[in-house]
Amino acid sequence: MKLIFFSIFTIISICLSAQNDSYYEKPVLRYEDYIYQEGIKTIRFHPSDDPLAMPMIRLFSAERLLLSFDDLYEDFVNYSYTVIHCDANWKASGLMKSDYLNNFQNYYINDYDYSLNTLVPYTNYKLSIPNQDLSFTKSGNYILKVYRDDNEENIVFTRRFMVYESMVSASGTIRRATQVDKMNSHQEVDFIINHSGYVIQQPFRDLNVVLLQNQRWDNAISNLKPQFIQNAKLTYNYDDENTFEGLNEFRSFDTKNLQTLSQNIRRINMDSLYHAYIRAEAPRLISKYAVQFDINGQYVVRRLDAGDSDLEADYVDVNFLLAHPQPYEEGDVYLFGKFSDWKLLPEYKLSYDYARGAYIGNFKLKQGFYNYSYAIGVDSGKIDLETVEGSHWETENDYQILIYNREVGSRYDRLIGIGELSSEDLY
């Protein structure tokens with residue numbers, strides 16, 4: 001009896017100890033887009049003149065980045081922010097803040113307001129950078145870190161952004177993949193870097209070129225080396241190293257107006273909050289390519305009859321149904337897009353309903369126009385979109401070219417140029 005009591009007491013003690021360790025555990029800083037605390041929703045971070053563009057600005061220009069986010073849990077919190085300079089591989093560069101900022105204190109986010117006429121209450125916060133308190137002296141990759149209660153270890157979320165220079169330019173074409181086994185499903189990104197007027201001593205050693213598809217970092221191609229060098233031009237014209245799955249046009253839904261049924265919405269109910277039901281959907285693996293409008297996985301916050309959608313757009317419980325006769329053996333199914341930070345997040349995981357023969361899920365999303373796909377998380381950690389959505393070489397995608405240079409004797413990676421291409425004009 002004493003032995004049993006001791007065993008139970010030991011188990012309880014271990015559990016309580018584990019809970020306490022977890023409670024006091026400090027969050028580990030991730031050099032990526034990541035939310036560390038619950039209740040933070042709809043983080044938007046983009047150039048002030050283009051809500052769909054990547055968060056990057058030109059060094060020493062008048063360009064600004066706008067940050068907006070909602071707190072669904074608190075009336076008001078003292079949120080502060082700081083920025084961290086990173087290398088081309090998104091690791092801390094080791095530079096001191098005084099090396100890359102004109103002012104290197106940490107600052108408060110003072111622009112906030114409460115939601116208006118919404119069933120789901122929230123507090124919306126805004127920030128613009130650079131600003132009178134903070135400006136940059138170096139190009140490169142940066143992490144914006146937002147934290148609370150004047151405690152840098154109490155991290156709320158992080159966002160990636162870039163500050164670039166226009167020292168070199170990039171141009172190119174998107175074509176059907178050259179490799180025979182990828183011709184029907186992949187796109188090839190061929191491009192040229194022109195560095196006339198800017199000396200690159202050793203391009204094979206000093207340059208790090210990164211290719212992105214639709215602003216995604218999860219499938220980025222990095223460390224590409226030039227195939228040919230001629231005068232002030234570097235040619236990247238590979239047959240395989242620079243290819244991406246073309247995938248499919250994104251699915252979409254529209255909740256800007258909750259009084260009428262709009263794109264892909266079959267029913268709207270209201271009780272303590274709004275409930276929107278997406279039309280039943282099916283996999284597209286064997287479907288032929290069909291042209292349709294999308295915004296390449298992005299989303300826009302908007303309430304149709306609002307003067308300020310940031311404050312007046314409501315949160316909607318959006319219900320999804322993906323029909324499939326049995327669960328996928330490859331892994332779990334998730335809703336995927338910019339709204340999920342291009343990650344397979346637990347809060348966007350669908351469950352399989354055997355009675356209905358379908359994956360179902362309901363997720364709280366702010367009113368607006370959304371692009372999304374269904375993705376599978378496979379054991380290797382890879383994000384598999386092709387199994388549900390299919391992949392076509394004709395799909396319209398945007399591509400970004402980021403050109404980093406670490407000069408001899410330099411301690412950081414300069415972002416010396418960018419390029420943007422679209423597969424709308426496929427070769």
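1. F336 lies in strand β23, which spans residues 332–336; strands here are DSSP runs of E with at least two residues, helices are runs of H or I with at least four residues, and both are numbered from the N terminus. This is a predicted model, in which local features need pLDDT of at least 70 and side-chain atom pairs count only at pLDDT 80 or more, while totals for chains, interfaces and linings use all residues. Residues are numbered from 1 along each chain as its sequence is written, and side-chain values use heavy atoms, with hydrogens and water left out.

2. Is F336 buried or exposed? F336 counts as buried because its relative accessibility is 0%, where buried means under 20% relative accessible area, exposed over 50% and partly exposed in between, with a 1.4 Å probe and protein chains only.

3. Leaving aside neighbours within four places in sequence, F336 is in contact with several residues, including R216, D218, W342, Y372 and L385, contact meaning heavy atoms within 4.5 Å. The C-alpha atoms of F336 and Y374 are separated by 5.9 Å, although the two residues are 38 residues apart along the chain.

4. For the protein chain as a whole, the secondary structure comes to five helices and 29 strands. Of the contacts with a separation of 6 or more, 72% are between residues 24 or more positions apart, and buried residues make up 52% of the 427 residues.
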